[in-house]
Every structure is written in C-alpha cells, then in structure tokens.
Amino acid sequence: MNLLTVENISKSYGELVLFSDISFGINKDQKIALIAKNGSGKTSILNIMSGKDTSETGQVNVRKGIKISYLEQEPNLDPNLTVEETIFATDNEILKIIAAYEKAVENPEDTVQYQKAFEAMERHHAWDFETQYKQILFKLQLTKLDAKVSSLSGGQKKRLALANALLNKPDLLILDEPTNHLDLEMIEWLEAYFAKENITLFMVTHDRYFLDRVCNEIIELDNNQLYTYKGNYSYYLNEKEGRMEREAVEQQKSKMLYKKELEWIRRQPKARTTKSKSRIDDFNEIKQRAHQRRKEHEVQLELNMERLGSKILELHNISKSYGDKVILNKFDYNFTKGERIGIIGQNGTGKSTFLNIITQQEKVDGGKVVVGDTLKFGYYTQRGIPDKEGQKVIDVIREFGDYIPLLKGRQISAQQLLERFLFDRKKQYDFVEKLSGGERKRLYLCTVLIQNPNFLILDEPTNDLDIVTLNVLENFLLDFPGCLIVVSHDRYFMDKIVDHLFVFKGNGIIEDFPGNYTDYRVYESSKVEEERENKSTAGEKQEKNWRDTSGGKLSYNEQKEYKQLEKDIQKLEEQKETLQNRFTDPDLTGDQINQLSVQLKEVSDAIETKTERWFELSSILEG
C-alpha cells in the first residue's frame, strides 16, 4: 500500500540548484534511507515531504487518513513546558482517547458514551500509555519529567522530540539524523525498537551500522539522479560498486563513439541533408555523455605534523567532581606514541569533561596533568565554528594565513585547501551561515587539521558528515601517525579507527578495554551470558545432582565443536587483523575502502557469533 508519493520536486537557492525533478514513492512497511553528499538538499527533501517547506515544481501526494511524524534536526519545542507536559501537548491520538474516557467518567449517567470510551481505551491499549511514555523517556535518559524544556541541552531536546515521534505511533515516520545526540546504548535500543514495531520509516542518517540493521532499502541522490537499492547498507555498497564499473565502461564507449563521429563531422560539407542534421543532433548527445565528469571529488587530507617527543601526556591520579557527581577518581594514565583510543559511555558520565581536562580547558580537583613540550593538540569539539556575522567560507581559512604549510616544505593557498575539502571557488564566497550542517562541520574539521596537530581529539566528529567524507576521514585517521582520541556514537567509525577503549561507567569508574566497540559488546554479552548460566546452574544444581553425576561434561559432538570453534576464531582474528592492516594502504580508492569495510563487518560478525557459542560450551565444560 502506497503511503506517500513524491513527484518531480525541485529546490534551488538563487543560482544554486540542490535537486530538480526528483520522484519516488514510499510503501507500507518500507524502511528507506536517503543517502547523498552534504549540501545536496537531503533535509530540504524531508521538509518538503513533511509539509514544512514547498517545492518549486511537482507535488507530494499523501494517502488520505495516514498519520505522519517528522523528527527534525533542530526540533521546535515550547520552552515553557516541562518534559512531561510536552508529551501531553502533542496531537497524539491516544491522548484524545484518554481525554474522552476521563470526560465519560465524569458523566456516568451517559452509559453509551462511557461504553464507547471504555472500548476505545481497550482497543488502543491506552491504559498503558503512562508506562509507555515513561519507559521511552527513561531509555532516552530524560528522567526529570518536571524539567523545563528551556533548561534542556540541544541533545536532550532532540531526544524529547524523538520520544514524541515514537509515542505518536505514526503510519510514516520521517527522521533527520535520528542517532545524533544518542549514546551507543540508546542507538542499540532504537534499533531493537524499530525491529519490533511495525513502523514505515524514511530517514537521513550517516550511521552505517544503523543503516545496515534497520533499513531494507537505500535511495541514493547522486548528481541529481536517484538510484534505488533494495537492501541494507552492505547490499548498497556492493551494488553501487557494480553500477560505478558499468558507468565507467559506458563512458569509455561514449568516448570512442565520440571520436568516430567527430571524424565524420569534420568530413561533412557545409550544405547538409536532413539525415545529416539528425546525426549531428545525435553527435551532440554523444559529446555530452563522453565529456561528462562525475563530481566525485574526495577530501584530500595532508598534515605537516609536529614531531612527538618521548614525553607526550601524563595523567597522575586526577580527580574531578561536580558536587556529589564524581567524574574522575584518581585516574592514572601515560599516553604513548600512536595511541588510538575510543571513549564510550552514557551521556553525562563525563566524556567531554575528560577531554577538556586533558586539553587544560578545565582544572582538576586533585592530581596532575603533565603535557610534553612537543605536544600540539587538535581539538574538534561539538561546539563547531563560532558564529561571526557576515563571515565567508574563505575568511574562516584565511584567519590561519593565506598559505598553509604541507609536508616536505610544500605549501598550499587557502583557496586550494578549501577545494580539497569540497568547497569550489564559488562556494568559498558563500556566507558561513548559509552552509548546511554537514558543510559547516566539514569546514570546522578543515580548521582543526590545518593547524598540523600531533595529538588529535575528536568529540563526535561524525555528526552531520556525509558517508563519502566519513570514508575519507577514516582513511586519513588510519594513516595519522600521532595520538588520537575519539568520542563517537558511530560504531562503524569506532570499529575501524580505535585500538582500545576508555569505557566511562559513571561514578568515576573508567575501564580500559583492549579492543574496539564490537569486541567490547561481545565481551559484555559473554559476561551477561555467563552470569545467566551461573544463576541457572546454581538453581538447578541440587535438582540435577541425584540424576546426573557427570555434570560439566560435553558430549562427543560438542567436544569436537568446541575444539573447532577455537581454531575458527583464531583464523577469523588473523583475517580481521589482515583486513585492518589493508586499510593503511594510502592508494586505496573509496570503493575499495567500502568493500574492505563490508568484509571487515562480516568477519567481525562471524567472530561475535562463534565466540558466543564458545562461551556457551565453555560454561558447560567448567560447570
């Protein structure tokens, strides 16, 4: 059943054409992701679909009677309401049913109206609404129901708007970067929620694991052409690679045909027949195809990094608290060359505070932070570029100089550098406030990297960056020889970049885990499984003792499986390491990076599956 159809919509700002004559449809139960580069108009498409903006051409047809919810990047909430009041101030069907029931209760003599209201409550499970909205709010860490919206952070407002959208139980849910401002546990909960709930989705997101696990269709907007892929993100990567190869072959054929027709054109006399004119028209089409240039530039990142000395950064028993809330409790760590640390933990556990402390933007309550003489931080914060009225893109870079030093004594002009970051000469003279969210983040990333740091700190660098830019940034970071700390909710990004984790568990507890995010989730799952097995074993031990005197033994086939699993896991780990090492090849193309990423995910998933089974058999053996 078709829910919404987009027909030939277009959007431009002056001479800048974002997209034109775009058409597609959304059917019930589809979970579609729209992928495009920053500045291509993804958010504009969502605004037009939701009715918040209008198209210059065409129309959007919505099936009569369906309910649509739209989660914007910057939700517009009433600042005077509390969190709980915001839930009740929405146009939610369940709330209308509850209101009708409460009115019927006040007029018990009208038995017919009461019966209708009661049946509606039963039919829509409205009795559980309070439990439902509190569960969702608590999952999204909005526990202070009486807190005013005006007191909430930008991330908390986004999560409150998400809770409203979910509670509305729409026929079609449109989402603009839904995982921004969610921590890893929230994202995994949201994935499970969408798997369980029967909701039709249309979203823009850069979270590639989320795309893989939630979406069943990808629509790519590339050079004003729409390409549809009937599968998840991994399927899209494989199919897109095939499409690019076919297009390259077709372009080569067009070039050869163009040369042949060009010779014919040059041989023609001035007076031409009608037939010749027709062929000349065809020639002009061939010429256009042959000279087509795909606008697939890649961000080129190059640093003239300062040399790191033997002493880099030392943290000696540092402590930090805000009132009764403990962030750090005598934390001790010495950084070494080439450290690649990922930081994870729930919102509010002190991740950003930790970064501000090591960059000496905040003072510690106790302990000591010792910074090496040669250390030069590059700190990408969530604040982004400070707003300056009337500032143009080129002016942002020229604050660091008209020429920027590169490797081996070379230098590059501010204009050339911006071109490497996908800002063409025309775009460089646009005002910063007119840039899309992703373009602003890309410009900010440029300002951090051109200062040639040898210790990079990236606090949520993946928010609003398109997938093309993310792949190139990952490739650069894999080659970056300095120290690196990353705070990110992008699990795909973390798995590819970091070697070990600082896990912020709250109350000043920080666990140093030797592995990436997927490794950590496997480890945590095995702990939960082991605890479950121990409880189960303890409960059943007395009952089984008189029946089975051979407890803790594996059958013959289980013994064989157990030994084979150990061999398989070892081979997979070696395969994973080989794949990770291949990412360091500077000559890898974007498509090769994508292919390797898919392979790495498949190997990581296989390791996770086999490891879970190994722990299961191991717990029996040790029992």
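**Strands and sheets**

Modeller: This is a predicted model. Start with β1, residues 2–13, and β2, residues 16–27: they pair in the antiparallel sense over 8 bridges.

Colleague: Which residue does asparagine 2 stand opposite?
Modeller: Asparagine 27 in β2.

Colleague: And what about the hairpin of β1 and β2, how many residues are between the strands?
Modeller: There are 2 residues between them. Glycine 14 takes a positive phi in that hairpin, near 65 degrees.

Colleague: How many bridges join β1 to β4?
Modeller: There are 4 bridges, and the two strands run antiparallel. β4 covers residues 59–62. Leucine 4 stands opposite valine 62 in β4.

Colleague: New topic. What is the order of the 6 strands in the open sheet?
Modeller: The order is β14-β17-β18-β12-β19-β20, with mixed pairing.

Colleague: Why is one side of β14 and of β20 left without a neighbour in the sheet?
Modeller: β14 (377–380) and β20 (509–513) stand at the edges, and each has a single partner strand, so one side of each has no neighbour there.

Colleague: By how many degrees are neighbouring strands turned against each other?
Modeller: On average by 15 degrees, direction ignored.

Colleague: Do β17 and β18 run parallel or antiparallel?
Modeller: Parallel, with 5 bridges joining β17 (residues 455–459) to β18 (residues 483–487). Aspartate 459 stands opposite valine 487 in β18.

Colleague: Last one. Which strands does helix α11 lie across?
Modeller: α11, residues 351–358, lies across β12, β14, β17, β18 and β19. The helix α11 runs at about 140 degrees to β12.

Terms used: Residues are numbered from 1 along each chain as its sequence is written. This is a predicted model: local features need pLDDT of at least 70, side-chain atom pairs count only at pLDDT 80 or more; totals for chains, interfaces and linings use all residues. Side-chain values use heavy atoms; hydrogens and water are left out. Two strands pair if DSSP finds at least two bridges between them. Axes are lines fitted to C-alpha atoms, for helices over the stretch in contact, and angles run from 0 to 180 degrees between N-to-C directions. Contact means heavy atoms within 4.5 Å.
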